[in-house]
Amino acid sequence: MIINKTPLSLAQAKAYAPTTEENTVMHNYLKAFCKLSKEKAESLAEEIKALNNPKIKDELIVKVVDLLPLDSEDVNKIFLESSLSEEEIAAILAAVKKY
């Protein structure tokens with residue numbers, strides 16, 4: 001039964017994933033692609049949420065945290081459905097550069 005549907009970053013998923021022999025493939029994937037610790041990922045997500053931009057949904061915040069875009073082109077690839085202004089992109093990039 002699904003109680004709550006919340007998008008998780010790779011770092012958060014890594015913390016919830018049980019460590020068993022059955023999940024070695026999943027753990028190898030998370031180890032290879034997870035760039036931040038759970039604390040840093042949550043901190044970055046909160047910083048992006050603090051921008052109070054209605055265009056930035058939780059699902060997109062998780063993608064930003066997982067991918068850590070380096071330039072405006074990378075940010076635009078994440079936000080395909082909603083176009084962001086240069087100021088909004090700069091604010092996201094400024095938050096990402098801290099991590």
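User: Where do Glu46 and Lys49 lie, and how far apart are they in the chain?
Analyst: Helices here are DSSP runs (H or I, at least four residues; strands are E, at least two), numbered from the N terminus. Glu46 and Lys49 both sit in helix α3, residues 38-49. They are three residues apart, about one turn of the helix. This is a predicted model, so local features need pLDDT of at least 70 and side-chain atom pairs count only at pLDDT 80 or more, while totals for chains, interfaces and linings use all residues. Residues are numbered from 1 along each chain as its sequence is written, and side-chain values use heavy atoms, with hydrogens and water left out.

User: What do the side chains of Glu46 and Lys49 form?
Analyst: A salt bridge puts a side-chain nitrogen of Lys or Arg within 4 Å of a carboxyl oxygen of Asp or Glu. Glu46 and Lys49 make one, with N to O at 3.9 Å.

User: Is Glu46 buried, partly exposed or exposed?
Analyst: Buried means under 20% relative accessible area, exposed means over 50%, and partly exposed is in between (1.4 Å probe, protein chains only). Glu46 is at 48%, so it counts as partly exposed. Lys49, at 40%, is partly exposed as well.

User: How many salt bridges does a search of the whole structure find?
Analyst: Five. Among them is Lys77 with Glu73, at 3.6 Å, N to O. These two residues share helix α5, residues 72-78. They are four residues apart, again about one turn of the helix. Lys77 has a relative accessible area of 51%, so it is exposed.

User: Which residue does Lys55 pair with in a salt bridge?
Analyst: Glu88, with the closest N and O atoms 3.5 Å apart. That pair links distant parts of the chain, 33 residues apart. Lys55 lies in the loop between α3 and α4 (58-67), and Glu88 is in helix α6, residues 86-97. Lys55 is partly exposed, because its relative accessibility is 31%.

User: What does Val64 touch?
Analyst: A contact means heavy atoms within 4.5 Å. Setting aside residues up to four places away in sequence, Val64 touches Ile48, Pro69, Ile78, Phe79, Ile92 and Val96. Val64 belongs to helix α4. Its relative accessible area is 1%, so Val64 is buried.

User: What share of contacts joins residues at least 24 apart?
Analyst: Count contacts in the protein chain between residues at least 6 apart in sequence: 53% of them join residues at least 24 apart.

User: What is the secondary structure of the protein chain?
Analyst: Six helices and zero strands. Along the sequence the pattern reads α-α-α-α-α-α. The C-alpha trace spans about 45 × 30 × 25 Å along its principal axes. Of the 99 residues, 35% are buried.

User: Which element gives the most to the lining of the largest pocket?
Analyst: A pocket is an open set of points on a 1 Å grid over the protein atoms alone, where a 1.4 Å probe fits, with protein on both sides within 12 Å along at least five of seven lines; lining residues have an atom within 4 Å of a point. Helix α3 gives the most to the largest pocket's lining, with five residues. The lining has 13 residues, and the closest to the pocket's centre are Pro7, Gln12, Ala45, Lys49 and Val62. The elements giving two or more residues are α3 and α4.
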